[in-house]
Amino acid sequence: MSIQIPRGTQDILPGEVEKWQFIEQKAKDICKRYLYKEIRTPVFEHTELFQRSVGDTTDIVQKEMYTFEDRGSRSLTLRPEGTAAVVRSYAENKMYGQTVQPVKLYYLGPMFRYERPQAGRYRQFVQFGVEAIGSDDPAIDAEVISLAMELYRELGLKKLRLVLNSLGDSASRKAHRDALIAHFKPRIGEFCEDCRHRLETNPLRILDCKRDREHELMSSAPSILDYLNDESRDYFDKVKKYLEDMEIEYVVDPTLVRGLDYYNHTAFEIMSDAEGFGAITTLCGGGRYNGLVQDVGGPDQPGIGFALSIERLISALEAEGVLPPHEESIDCYIIALGEKAMDYAVPLLQEIRREGLSAEKDYMGRKMKAQFKAAERMNAKHALIIGEDELEKGKAAVKDLQTGDQEIVPLENIVDFLIRGK
Ligand code: ATP
Ligand code: MG
């Protein structure tokens, strides 16, 4: 039996990969303008990093990690998300001591989660994310959100919904937590096993439960917004004001809590309302994580970031029909006839490519007609025709495949001629 690709993963083939490159380039371009620098961390980390940062009680850590023991009996985990490693690296490389602050970073790479595969949910998927560490200015929250929104906007998405919430500081969260426990405790028996466990460990996450979503106690649950202290409320108001000043529309949803433990203050998600996008509508999620740097052993530095997956972004672009069509052409195809011309074509091809042009020749022993067909199929701008005769006279025919015009050009001028006609 032939071996097949693992469940929940995909091959991205030529023809499809250009979409990825296009989006990745856009993401990199926007980071350049917003001054976020790329960071590349390992694909695996010590398991403990995710237990400590993502949180022991989260779905990711409890159910979704690819954890293995290496030959030296260390427990390692394929990264399920990017923030933990970035923060680890920030602390380990003492980036808090750098002269430029806050430290603004982005990453782009594969993440791994053992999930039930379905549309928009893979076991290996690619996340683009940014982190701004070292500032608790609400303007940086607004900047991070605006970067994600700008990327989507520039790619042509229109049916976007930015959902915003504040989880408050630790005092606000504590007050809210107590209220949640009082609210759910008397009837916790009606909830799923996970929720019963969450009541003890992290009651906020009951609000994020996918199974008990419809329970009547959910909609009547105490809202975090009623428990924000003055400081937290001011902070949230400023974030909202900056977004308004930038004309970024949002809706506040006090039930937005996000899947990871480390969030406080600003939490946000960007959803797609495009028809046909499917049941999973979240394109991007992020928030503030003051305290996380300290949790992984660094100094007490605040941070905020987001992550989005390229898979869901492509689905949204397809649902809105805004992906530009991919058209490929090459500058030159060498049509060589006879052995001598074939040999001559090898270094000529090299020279043309060295000058920055894309060029190809025949490697399949095709006859002239078939070589012309190949040139057309590759959408070549020019065909360079070299036969034995031409070669002896030191000339070649250059045919413009768009207009059909043909010119005889001395071999030594061929490359110049092609560059001019590019
Ligand atoms: P969900 O509620 O959909 O499971 P999440 O809360 O687990 O999302 P995050 O950990 O916040 O997601 O990841 C940020 C973004 O990464 C998501 O908004 C989504 O676009 C994307 N993402 C998460 N899991 C997957 C996956 N398994 N396959 C593809 N994209 C994913
Ligand atoms: Mg998830």
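Figure 1. Two strands pair if DSSP finds at least two bridges between them. Helices (H or I, at least four residues) and strands (E, at least two) are DSSP runs, numbered from the N terminus. The model is predicted: local features need pLDDT of at least 70 and side-chain atom pairs pLDDT 80 or more, whereas totals for chains, interfaces and linings use all residues. Residues are numbered from 1 along each chain as its sequence is written, chains are lettered from A and ligands numbered from 1 in the order written, and side-chain values use heavy atoms, without hydrogens or water. Strand β3 (residues 66-69) runs antiparallel to β4, joined to it by four bridges. T67 has T77 of β4 as its bridge partner. Five residues lie between the strands of this hairpin, in which S73 takes a positive phi near 60 degrees.

**Figure 2. The other pairing of β4, with β2.** Strand β4 (residues 75-78) also pairs with strand β2 (residues 44-46), in the antiparallel sense and over three bridges. Here F44 stands opposite L78 of β4.

**Figure 3. The open sheet of eight strands.** The order across this sheet is β1-β5-β6-β11-β10-β9-β7-β8, and its pairing is mixed. β1 (37-38) and β8 (251-252) are the edge strands, each pairing on one side only. Within the sheet, strand β5 (residues 103-112) and strand β6 (residues 124-133) pair over ten bridges in the antiparallel sense. G109 has Q127 in β6 as its bridge partner.

**Figure 4. Helices α1 and α5 on the strands.** α1 lies across β5 and β6, and runs at about 160 degrees to β5. α5 packs on the sheet and touches β5, β6, β7 (160-166), β9 (264-272), β10 (282-288) and β11 (303-309). The direction of α5 makes about 15 degrees with that of β11. Axes are lines fitted to C-alpha atoms, for helices over the stretch in contact, and angles run from 0 to 180 degrees between N-to-C directions.

**Figure 5. The contact of α1 with α5.** Helix α1 covers residues 17-34 and helix α5 covers residues 138-155. Their axes come within 10 Å and cross at roughly 140 degrees. On the α1 side, F22, I23, K26, A27, I30, R33 and Y34 take part, in contact (heavy atoms within 4.5 Å) with α5. The α5 side consists of E143, S146, L147, E150, L151, E154 and L155. Eight residues of this contact are nonpolar, one is polar and five are charged (nonpolar: Ala, Val, Leu, Ile, Met, Phe, Trp, Tyr, Cys and Pro; charged: Asp, Glu, Lys and Arg; polar: the others, Gly among them).
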